[in-house]
Amino acid sequence: MRKLEELVRPNVWNMKPYSSARDEFQGEATVFLDANENPYNGPFNRYPDPLQRAVKNQIAALKGVKWENIFLGNGSDEPIDLLIRAFCEPGIDNIVSIDPSYGMYEVAANVNNVAFRKVRLNEQFDLDTEDVLSAVDTYTKIIFFCSPNNPTGNSLSRDRLYQVLNTFSGLVVIDEAYIDFSEASSFLSELNQYPNLVVLQTMSKAWGAAGIRMGMAFASIEIISILNKIKYPYNVNILTQEKALEMLLNKEEMEKQLQIILAERTRLQQLLPELSCVKRLYPTDANFILTEVTDANLLYKQLVEQGIIVRNRNNVTMCNGCLRITIGTPQENDALLEALKKM
């Protein structure tokens, strides 16, 4: 890895971060007259912990990392955007990623005026390391991978990801939003080995908390400190922190739901191929199945008319004729199967 000072934008490296009232005081007190808060309507009158220590401590215990290696944001989209803002000079630097993949990497790059280079996956929806590394030049600061990948559902080859980590001198971001649905192990255990590694996870998928908007970035203390330096002071509100902590303390409930989803995924993988409108299912390690059908546009429209919403991926690279079907409850999956039987 190149020195962090060489990767970070000079203005970010040299800037003095904003210091909030809750940054300057940490500890116990009974009278707070420091942050110009309304003294009534507690606890919501108080600014939340800007570093979300209670939530991070629980995540650290569950994930086997230190809380200092964790950044929490407004969904995973916030750390994606902050990484680009911190490390990529607009109009000069560039980002490399795979295609097809999660669309927000490119959107965040475009918003920040950073060139985005897409490298097409092979026919197995796996990455070609030579193609990825050939797309890299002196101005490439970040490579984004999503594994298990969205919208394809498969995990990328671990050996090929290691090859990129061992070769590329910039940041390698592995987005593991769907890792809980996969038998593949997380790259979190590799943080100490690879100082250029950033791992993204989320409360939105297996934890069933997309509505509270909490994403997690795991990286070296040095990289996390850069993200904390440029984030908005109170980027995760008190309601989100409280709900996240409540759910993290009840991991058993998440695991029960996870097992149901995995069982339903297996059931759909068995039953969908029996339908005349289904041509092919792609292997998946996620909570969705990429499904090639006879007429994606028509089937999508017919399902909408029956109040069943799937994702039409017909216009996505390498996904022609495909619908992406999220695993629902047993009752929702039954409704889908019954509807498709008539098409």
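**Packing, pairing and salt bridges**

Visitor: In which helix is Ala-263 found?

Guide: This is a predicted model, in which local features need pLDDT of at least 70 and side-chain atom pairs count only at pLDDT 80 or more, while totals for chains, interfaces and linings use all residues. Residues are numbered from 1 along each chain as its sequence is written, and side-chain values use heavy atoms, without hydrogens or water. Helices (H or I, at least four residues) and strands (E, at least two) are DSSP runs numbered from the N terminus. Ala-263 belongs to the run of residues 251–271, helix 11.

Visitor: Is Ala-263 buried, exposed or partly exposed?

Guide: Buried means under 20% relative accessible area, exposed over 50%, and partly exposed in between (1.4 Å probe, protein chains only). The relative accessible area of Ala-263 is 46%, so this residue is partly exposed.

Visitor: How far apart in space are Ala-263 and Pro-330, C-alpha to C-alpha?

Guide: In sequence, Ala-263 and Pro-330 are 67 residues apart. In space, their C-alpha to C-alpha distance is 9.4 Å.

Visitor: How many of the six residues of strand 6 are buried?

Guide: In a regular strand the side chains alternate between the two faces of the sheet. From strand 6, Leu-197, Val-199 and Gln-201 point one way, and Val-198, Leu-200 and Thr-202 point the other way. Strand 6 (residues 197–202) is largely enclosed by the rest of the structure, because its buried residues number six of the six.

Visitor: Which residue of strand 7 is the bridge partner of Leu-200?

Guide: Two strands pair if DSSP finds at least two bridges between them. Strand 6 pairs in the parallel sense with strand 5 (residues 171–175) over four bridges, and Val-173 has Val-198 as its bridge partner there. Strand 6 and strand 7 (residues 215–218) run antiparallel and are joined by four bridges. In strand 7, Leu-200 has as its bridge partner Ala-217.

Visitor: What arc do the buried residues Ala-296, Leu-299 and Leu-303 cover around the axis of helix 12?

Guide: Helix 12 spans residues 296–305, and its buried residues include Ala-296, Leu-299 and Leu-303. They lie on the same side of helix 12, because the arc they cover, taken from the directions from the helix axis to the C-beta atoms, is only 70°.

Visitor: Which exposed residues does the opposite face of helix 12 carry?

Guide: The buried residues of helix 12 pack against strand 9, strand 10, strand 11 (322–326) and helix 13 (330–341). The face turned away from the buried side carries Lys-301 and Glu-305.

Visitor: How many residues has the largest nonpolar core?

Guide: A nonpolar core is a set of buried Ala, Val, Leu, Ile, Met, Phe, Trp, Tyr and Cys residues joined through side-chain atoms within 4.5 Å. Phe-145, Met-203, Phe-218 and Leu-272 have the most contacts inside the largest core. A second, separate core has 32 residues, including Leu-7 and Phe-71. The residue count of the largest core is 75.

Visitor: How far apart are the closest N and O atoms of Lys-141 and Asp-93?

Guide: The structure holds 17 salt bridges, each a side-chain nitrogen of Lys or Arg within 4 Å of a carboxyl oxygen of Asp or Glu. Lys-141 forms one of them with Asp-93; Lys-141 lies in strand 4 (residues 140–146) and Asp-93 in the loop between helix 5 (77–87) and strand 2 (94–99), 48 residues apart. Lys-141 counts as buried at 7% relative accessibility, and Asp-93 is buried at 6%. The closest N and O atoms of this pair are separated by 3.0 Å.

Notes:
Contact = heavy atoms within 4.5 Å.
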